[in-house]
Amino acid sequence: MVAADAEVPEEGGWRRLNRRNPLAVPGCRTWSGRAGPPRVRGATEMLRAFAGGRLMGEAFGAGPPTVLALPGWSRSHRDFSAVLAPAGAEPLNAIALDLPGFGATPAPPEAWGSRQYAELVAEVLGEMAAPVVVLGHSFGGTVALQLAVARPDDVAALVLTGVPLLRPDGRGRRAPWPFRLGRLLHRVGLVPEARMEALRQRYGSSDYRAAQGVMRQVLVRAVNERYGDELAALRCPVTLVWGDDDAEVPVETARTVAGDLDHARLVVVGGAGHMTPLSIPGTLRDAVVERLDQRRAG
């Protein structure tokens, strides 16, 4: 369950009404209303069940999988098609998943955090040739971090992109006063739920407004997570691939993390934004292949 006194942004972030883009939250908004990029013409997507049917996704390549790809908030495994199996190139031996609540995977039974997501994802490792390279985008990157810390012998390296690994100091962005007043009155029974939901829809981030049921609670929990302990415990090498125009998770986050971690490499791509699996798939693929080569070299 999510604590009633969760830190702001407890409603998933607050919109700046005079800006086109809402406040960043731990994943990414739906891209043109679809769950992923269009498939290459003529390609056949073979959706598969993993972890005893609790996770859905796609397998690439003909050999034992050595790459695990985890997409961002509200996204699906299809985001990684051009990374793992680009047209004209040999596909990587990989598995790309739909995380619980997105794509074809059902929502979790309760408000999970990234650690609980990682516990389920860890069940897929038994179907792979561990240790694996884990590629994580945005929210999927927080799950990848938790997986690497919990299963260090099974994760050879991380490739992280657009991941909110650091949070601002303090209590975060303060909710607008009409929302805070409405929330207070709602708690004492003077504002009905329908009116409270209208306030959430007006002032919450796009991710929060789009989330339904338990996924809204998952989002609240996710935006309140901190990863300092996990970063301190991380032992595997990490490649951070960032767009210098990422408005969701600024590149300064990656620079700070890269400076604090041992065995970290930072790749910054000029002009790229948050949706790196779609905009710079080749750069992500190169980073994954580099870590695979190092894995093979032992």
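Figure 1. F139 is buried, with a relative accessible area of 1%. The coordinates shown here and in the other views come from a predicted model. Y117 is likewise counted as buried, at 0% relative accessibility. The structure holds four aromatic pairs. In one of them, the ring centres of W73 and F139 are 5.4 Å apart and the ring planes stand at 80°, so this pair is edge-to-face, the class for planes over 60 degrees apart. W73 belongs to the loop between β3 (67-70) and α1 (81-84), whereas F139 belongs to helix α3, so the pair ties together parts that are 66 residues apart in sequence. W73 and F139 are both buried. The rings of Y117 and F139 also form an edge-to-face pair, because their centres are 5.2 Å apart and their planes lie at 85°. Here the partners sit in two helices, Y117 in α2 and F139 in α3, so the pair ties together parts that are 22 residues apart in sequence. Ring pairs join W73, F102, W112, Y117 and F139 into a cluster.

**Figure 2. The largest nonpolar core, seen around L68.** This core has 54 residues, and L68 and L158 are the members that touch the most others. Helix α7 (residues 214-223) supplies the largest share of the core, with seven residues. A second, separate core has 22 residues, among them V241, V267, A272 and I280. When neighbours within four places in sequence are left aside, the contacts of L68 are I95, L97, V121, V124, L125, M128, V133, V134, L135 and L147.

**Figure 3. Helix α7 and the helices packed against it.** Eight of the ten residues of α7 are buried, and the helix is mostly covered. The buried residues are V214, M215, R216, V218, L219, V220, A222 and V223. They pack against four helices: α2 (114-121), α3 (139-150), α5 (193-203) and α6 (206-210).

**Figure 4. The eight-stranded sheet.** The strands of this open sheet follow the order β1-β2-β4-β3-β5-β6-β7-β8, and their pairing is mixed. Strand β2 (residues 55-60) and strand β4 (residues 94-98) run antiparallel and are joined by five bridges. Within this pairing, A59 has I95 of β4 as its bridge partner. I95 is also one of the residues in contact with L68.

Figure 5. All six residues of strand β7 (residues 238-243) are buried. Both faces of the strand are covered, with V238, L240 and W242 on one side and T239, V241 and G243 on the other. In a regular strand the side chains alternate between the two faces of the sheet. Strand β6 (residues 155-161) pairs with β7 in the parallel sense over three bridges. V238 in β7 is the bridge partner of L158, and L158 is, with L68, one of the two residues that touch the most other members of the largest nonpolar core. The pairing of β7 with strand β8 (residues 264-269) is parallel too and has six bridges. In that pairing L240 stands opposite L266 of β8. Together, β7, helix α9 (residues 251-260) and β8 make a right-handed β-α-β unit.

**Figure 6. S279 and G243.** S279 is found in helix α10 (residues 276-279). At 45% relative accessibility, S279 counts as partly exposed. G243, by contrast, is one of the buried residues of β7. The C-alpha atoms of S279 and G243 are separated by 9.4 Å, and the two residues are 36 residues apart along the chain.

**Figure 7. Overview of the protein chain.** Eleven helices and eight strands are present in the chain. Of its 298 residues, 51% count as buried. Among contacts between residues at least 6 apart in sequence, 76% join residues at least 24 apart.

Technical notes: Residues numbered from 1 in each chain as written. Predicted model: local features only at pLDDT ≥ 70, side-chain atom pairs only at ≥ 80, totals over all residues. Heavy atoms only, no water. Core = buried A, V, L, I, M, F, W, Y, C linked by side-chain atoms within 4.5 Å. Buried < 20%, exposed > 50% of the residue type's maximum accessible area, 1.4 Å probe, protein only. Contact = heavy atoms within 4.5 Å. Pairing = 2+ DSSP bridges. Right-handed = clockwise from strand over helix to strand, strands pointing away. Phe/Tyr/Trp six-rings, centres within 6.5 Å; stacked < 30°, edge-to-face > 60°.
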